[in-house]
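Hi,

Here's the structure I said I'd pass along. Have a look at it first, and then read on for what turned up.

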Protein chains: 2
Amino acid sequence: MEAALCNLKDPLIDHTEGQCFLDEAIKIIVEEVLCKGTDVKQKVCEWKEPNELALLLDLELRESGEQQERLLQRVRDVAKYSIKTSHPRFFNQQFAGVDYHSLAGRFLTEALNTNLFTYEVAPVFVLMEMEVLRSLRQLVGWTEGDGIFCPGGSTSNMYAMNLARYRLHPEVKSQGLWALPRLAIFTSPESHYSVKKGAAFLGFGTDNVILVKVDERGHMIPEDLDEKIELLKSQGVIPCFVSCTAGTTVRGAFDPLDRIADVCDKHKLWLHVDAAWGGSVLFSKQHRHLMKGVERANSVAWNPHKMLVAGLQCSALLLKDTTNLLKRCHSSSASYLFQQDKFYDVNLDVGDKSVQCSRKVDCLKLWLMWKAVGSSGLEERVDKAFILVRYLVAQMKKRDGFHLVCEPEFVNVCFWFIPPSLRGKEGNADYQNKLAKVAPTIKERMMKQGTLMVGYQPLGDMVNFFRVTVFSPLVSFKDMDFFLDEIERLGSDL
Amino acid sequence: MEAALCNLKDPLIDHTEGQCFLDEAIKIIVEEVLCKGTDVKQKVCEWKEPNELALLLDLELRESGEQQERLLQRVRDVAKYSIKTSHPRFFNQQFAGVDYHSLAGRFLTEALNTNLFTYEVAPVFVLMEMEVLRSLRQLVGWTEGDGIFCPGGSTSNMYAMNLARYRLHPEVKSQGLWALPRLAIFTSPESHYSVKKGAAFLGFGTDNVILVKVDERGHMIPEDLDEKIELLKSQGVIPCFVSCTAGTTVRGAFDPLDRIADVCDKHKLWLHVDAAWGGSVLFSKQHRHLMKGVERANSVAWNPHKMLVAGLQCSALLLKDTTNLLKRCHSSSASYLFQQDKFYDVNLDVGDKSVQCSRKVDCLKLWLMWKAVGSSGLEERVDKAFILVRYLVAQMKKRDGFHLVCEPEFVNVCFWFIPPSLRGKEGNADYQNKLAKVAPTIKERMMKQGTLMVGYQPLGDMVNFFRVTVFSPLVSFKDMDFFLDEIERLGSDL
């Protein structure tokens, strides 16, 4: 305490020293993450076993602080051993690549360090979020409506579920689910796992998530949806919510929105479109037909942090509703934050639409990037991704050993690599078992060598296959060629 | 499409151009946000009416992109019209000030752009989050346990509620709340509004949040909790969850954890401590007694983005549980992400503990700051905040017109400013009505002049009073004096 008292006349933080550290740290970030981290001559990952990595990083937090030089070395180490998700050989997830305008927006967001709950602490961002949401809604085909940025698509999906049940039975907010008949949610087995997670979290229970059949390419079958709705009704359960997917996680399938909307109209159900992954096709005149009928939905979840490379996280929930449903459903009117006797229009205090209190500003990075390249620049990114995928698939077909799971509809390419020893052995009893082990083995090799990152998974009764998603604005034809060469190289002895 | 085709051989993004833009943007951020934005000679806010601000910002998103110079002007405008939350005269919320080590960690987090769900995409951060959580748990008094970073304290509180009901009735995950008896949640009327929001979102319903009486300083009364539990039980309702608060939002009260833990033990209830605001006292040998008994809780929510200035968002949920409850409750075992045939220990794929899929990395900023100043440096910040508050209160008592709502227990100071015209008029019939208008009027003036930001609210039957929270490492005695002078200046003619 004596030490503290000495410092009382001055702040505990010295700006000059602090800014000097920040400046040095930024230099390391630019060099390690943005230059080396996007250079194909460098590794996409520097694999270390967990125990070894923990030792290297010296993570323990201690009583005393450290010198600036030591701290800068830590910044360098964190960068070095982290995955380079902007690297042109990172295909592991639906975030990849970097946009410098977005990144500048993210740095500015961090420096401004405010919360999106009231106009008084976030005047610029309240207005900006409204405008970004308006522009996204316009692409959906809505001239009015509502919306909010959420911490990820899973949360957006949960919001939609909660809104659907509140619209049907507003008493749920005060009385809980006990006051309601049993409710059912419908989605396909290829939808994102967040539908089930959300159903559990919100108290619906995963048993009340009814899985509607898909066709052989992974699209929800509207006739089966209709039948399952009728069946549930006959059992005294109230259908509440249909969650379609525009761009499924694994295969990139787009559920037939128009025909599903017909079924929802017939039964007066809330139609939600989980377009977290696929929503960005709405920027493309050529490809937006994939989401034909989306304007008939009640809600759309769309993550610009995926295909548009806006940076994690950037996830919008868009609503057709014009009755302030979002606020009515979620508000609690905290008197310390949402005072009604303020000197400005309190409708600008948007925080009560959220179930969060602190809510990060996720609109600036998207807004600045959109301003920089325009809708046409974002359209170009989407169109280019499709062209690269078409090229990749054409090249696969020319090579032995690449076997497509199905023809791609979007920018996901799902394929088995059949190593030389398994070619022509499809009839053998142990073929599937052996094939299932190929992708994990190649994956281990690529990570340990640091040359490539791509994911694999089983699906239904199909054994492990690779799923590559191509959309980073940093990749081009030669990266597609490299991708195929590298899978061949890594799997040639299997 | 022709334009797109031309670019296919090359990436759509030019690194040199991009990094040059980023470099210029960073210069603006440092100058506008970190230098001017923390300078007491500059305004804390640049108030504009919403319509005027919208015009100034030209928010509309268009077909074509813009030139770099125009974009840099936009960065400057966003900074200019945003609130300077790091400014020594920003007391409006429980985030204020800036720590440069944390900020460097945040920039690095943004540049690395990964998700905390699997070891393969976030090796450094999986290990780092575990270590930070371990260190925070150690301060709570637990040598083992579990935890996760959440997007804000509201989400942490919801997680705790969901875990409590799952522990009691694991069938809720599959069957939903319909399979369970009615459950009740207990908290105080001065707890954070997220308890009610969470109860509505999770399907409990706000009517099932039972408000336990508080004493005159805002502490939950354990005897009333015990009585209310008995009453609910006699009505056939199952008590499930008690949410205490360590540092209430408005008055900064610490509920008596030890005595509440006795009641929870007696009834075998889950004890949650919402220490989002107050948790940081655990760093201080001198002040950690405020949370005596916290080690008896089942869960603790603690937001280092508040008092420790780690930057938004940084919110930890800590659990005493050692049975993998978090994962059992939230997991859905998505086969495309959490493959069980990976080549490393899949227990490091922590994502299935979360109800999010994409989850931001929130540990690095705290870790780097903690490494920089050590536990002792964080303790110093906490201790200094208490000293500044004691000084502020002592000065208030020396001046006419400042009337404390109650003696501060923490770093919240709640007070009415009694303007000259109302002094000595406490007996008048319209006194309370007139007093209620004072804080909003002064607030409007300070924002329009840009000299200060502090919040106000009513509480129970107490009319609008100011609440100032003092904890930014950038403030010192002279800022306390300024605060009082400025309130007097702004309210002298009222």
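How many salt bridges does the rule count over all chains? The answer is 83. Keep in mind as you go through this that the model is predicted.

One of those pairs sits inside chain B: Lys342(B) and Glu120(B) form a salt bridge through their side chains, at 2.9 Å from N to O. Lys342(B) is in the loop between helix H12 (325-330) and H13 of chain B, while Glu120(B) is in the loop between helix H5 (100-112) and helix H6 (123-140) of chain B, so the pair ties together parts that are 222 residues apart in sequence.

Now for the interface. Side chains of opposite charge can pair when their charged atoms come close, and there are ten salt bridges between chain B and chain A. Among them is the one from Glu110(A) to Arg106(B), where the closest N and O atoms are 2.8 Å apart. Helix H13 (residues 364-398) of chain B gives the largest share of the side of chain B that touches chain A, with 16 residues. Sorted by class, that side of chain B has 92 nonpolar, 50 polar and 37 charged residues.

As for how much surface is involved, the size of an interface is often given as the accessible area lost when the parts come together. Chain B and chain A bury about 15,400 Å² between them, and 65% of that is on carbon and sulfur atoms. In residue terms, 179 residues of chain B are in contact with 179 residues of chain A.

Back within chain B, there's a helix pair to look at. Helix H3 (residues 50-57) and helix H4 (residues 68-81) of chain B pack at an angle of about 160 degrees, with their axes 10 Å apart. An angle over 145 degrees counts as roughly antiparallel, and H3(B) and H4(B) are therefore roughly antiparallel to each other. Leu53(B), Leu56(B) and Leu57(B) make the contact from H3(B), and Arg74(B), Asp77(B) and Tyr81(B) make it from H4(B). That contact has four nonpolar, no polar and two charged residues.

Finally, some backbone details in case you plan to check the geometry. Most residues other than glycine have a negative phi, and most peptide bonds are trans. Leu312(A) and Gln313(A), however, are joined by a cis peptide bond, with omega about -10 degrees. Gln313(A) is in the loop between strand E7 (299-302) and strand E8 (315-319) of chain A. In chain B, the peptide bond from Leu312(B) to Gln313(B) is cis, with omega near -10 degrees. Lys268(A) has a positive phi, near 55 degrees, and lies in the loop between helix H11 (257-267) and strand E6 (270-274) of chain A.

Cheers

Methods
Residues numbered from 1 in each chain as written. Chains lettered and ligands numbered in written order. Predicted model: local features only at pLDDT ≥ 70, side-chain atom pairs only at ≥ 80, totals over all residues. Heavy atoms only, no water. Axes fitted to C-alpha atoms, helices over the stretch in contact; angles between N-to-C directions. Helix = DSSP H or I, 4+ residues; strand = E, 2+ residues; numbered from the N terminus. Parallel < 35°, antiparallel > 145°, perpendicular 65-115°, else oblique. Contact = heavy atoms within 4.5 Å. Nonpolar A, V, L, I, M, F, W, Y, C, P; charged D, E, K, R; others polar. Buried area = accessible area lost by both parts, 1.4 Å probe. Salt bridge = Lys/Arg side-chain N within 4 Å of Asp/Glu carboxyl O.
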